[in-house]
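Let's walk through a protein model together, from the overall fold down to individual side-chain pairs. Please keep the sequence and the 3D view open as you read.

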Amino acid sequence: MSYPELKFGIFLSRFDHLKENPTLALECDITLIELLDSLQYDSAWIVEPHCAGVDTIGSADLFIAAAAQRTRHIQFVRGLSSVHFQHPLTLANRIMQLDHVTQGRVSHGVGFGALPTDAVMTGIGPQEQADRMLEAIEVLLPLLKGETVTRKTEWFELTAAKVQLTSFTKPMVNIAVASQTSPAGARVAGIHGLGLLSISATFAGGFN
């Protein structure tokens, strides 16, 4: 009988005290990723809370781009891109460029985040976040497939829009939807046939 291979990774959420040196903290994290790569770890999950107030990684794609240049094998998971904060075309172009910089070693989580402070500090309410996420993903996926998209919503407009690069990863960059306790992420994943990222499946609310 054959068994599936057991894989190991790290979930890196850097919550530093505000008095710590952020430059040293970021260098420490990249050095850690280098060590994990040498030890043949399979993956590093990099998160980017925007409104936690204490997280030194405000842009996972910038961190991954730097770490990718100092590693060779480890796979990265960007968790997550807050799609309701960003214009879909801008996000699609960044995802595509990072796919090339890492030579296909990154998967992208998309969602609207789990921190209530995101809604408070940005003025975008939870329901509006969910609606924006659905609208953004509806155009983000065809953009990543190289299609030309025209779409107008209350918060973004695309007119014959197309990304600048074709993807390094074939047939398309790997995209999954993050979901914690809200059903919105799981529904979007089901509608579009995407993977589901959840760190709350062992809790009653997340499991439900």
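First, some ground rules. This is a predicted model, in which local features need pLDDT of at least 70 and side-chain atom pairs count only at pLDDT 80 or more, while totals for chains, interfaces and linings use all residues. Residues are numbered from 1 along each chain as its sequence is written, and side-chain values use heavy atoms, with hydrogens and water left out.

The protein chain has seven helices and eight strands; helices (H or I, at least four residues) and strands (E, at least two) are DSSP runs, numbered from the N terminus. Of its 208 residues, 44% count as buried. Here buried means under 20% relative accessible area, exposed means over 50%, and partly exposed lies in between (1.4 Å probe, protein chains only). If we take the contacts in the protein chain with a separation of 6 or more, residues 24 or more positions apart account for 66% of them. A contact means heavy atoms within 4.5 Å.

Now to the helices. Two packed helices are described by the angle between their axes and the distance between the axes. The axes are lines fitted to C-alpha atoms, for helices over the stretch in contact, and angles run from 0 to 180 degrees between N-to-C directions. How do α3 and α5 pack? Helix α3 (residues 88–101) meets helix α5 (residues 126–144) at an angle of about 40 degrees, and their axes are 9 Å apart. That angle makes α3 oblique to α5. In this scheme, angles under 35 degrees count as roughly parallel, over 145 as roughly antiparallel, 65 to 115 as roughly perpendicular and the rest as oblique. The crossing of α3 and α5 is right-handed; a crossing is right-handed if the near helix is turned clockwise from the far one by less than a right angle, and left-handed if anticlockwise. On the α3 side the contact is made by P88, L89, L91, A92, I95 and M96, and on the α5 side by A136, V139, L140, L143 and L144. These residues divide into eleven nonpolar, no polar and no charged. For these classes, Ala, Val, Leu, Ile, Met, Phe, Trp, Tyr, Cys and Pro count as nonpolar, Asp, Glu, Lys and Arg as charged, and the others, Gly among them, as polar.

Helix α5 also packs with helix α6 (residues 184–192), at an angle of about 25 degrees and with the axes 11 Å apart. α5 and α6 are therefore roughly parallel to each other, and α5 passes α6 in a right-handed crossing. Here A130, M133, L134, I137, E138 and L141 of α5 meet A184, G185, V188 and H192 of α6. By class, the contact of α5 with α6 has seven nonpolar, two polar and one charged residues.

Next, find S81 in strand β3 (residues 75–82). Is S81 buried or exposed? With a relative accessible area of 0%, S81 is buried. Leaving aside its neighbours within four places in sequence, S81 is in contact with E48, Q86, L91, G109, V110 and G111.

Finally, the charged pairs. Side chains of opposite charge can pair when their charged atoms come close. The structure holds seven salt bridges, each being a side-chain nitrogen of Lys or Arg within 4 Å of a carboxyl oxygen of Asp or Glu. One of them joins R70 and E27 at 2.8 Å, N to O. R70 lies in the loop between α2 (60–68) and β3 and E27 in helix α1 (residues 22–38), so the pair ties together parts that are 43 residues apart in sequence. R70 is partly exposed at 33% relative accessible area, and E27 is partly exposed at 36%. R70 also forms a salt bridge with E34, with the closest N and O atoms 2.9 Å apart. E34 lies in helix α1, so this pair ties together parts that are 36 residues apart in sequence.

Another salt bridge links R132 and E128 (3.4 Å, N to O). Both lie in helix α5, four residues apart, about one turn of the helix. R132 is buried, at 17% relative accessible area, whereas E128 is partly exposed, at 36%. Elsewhere, salt bridges that share partners join E48, D61, R78 and R94 into one network.
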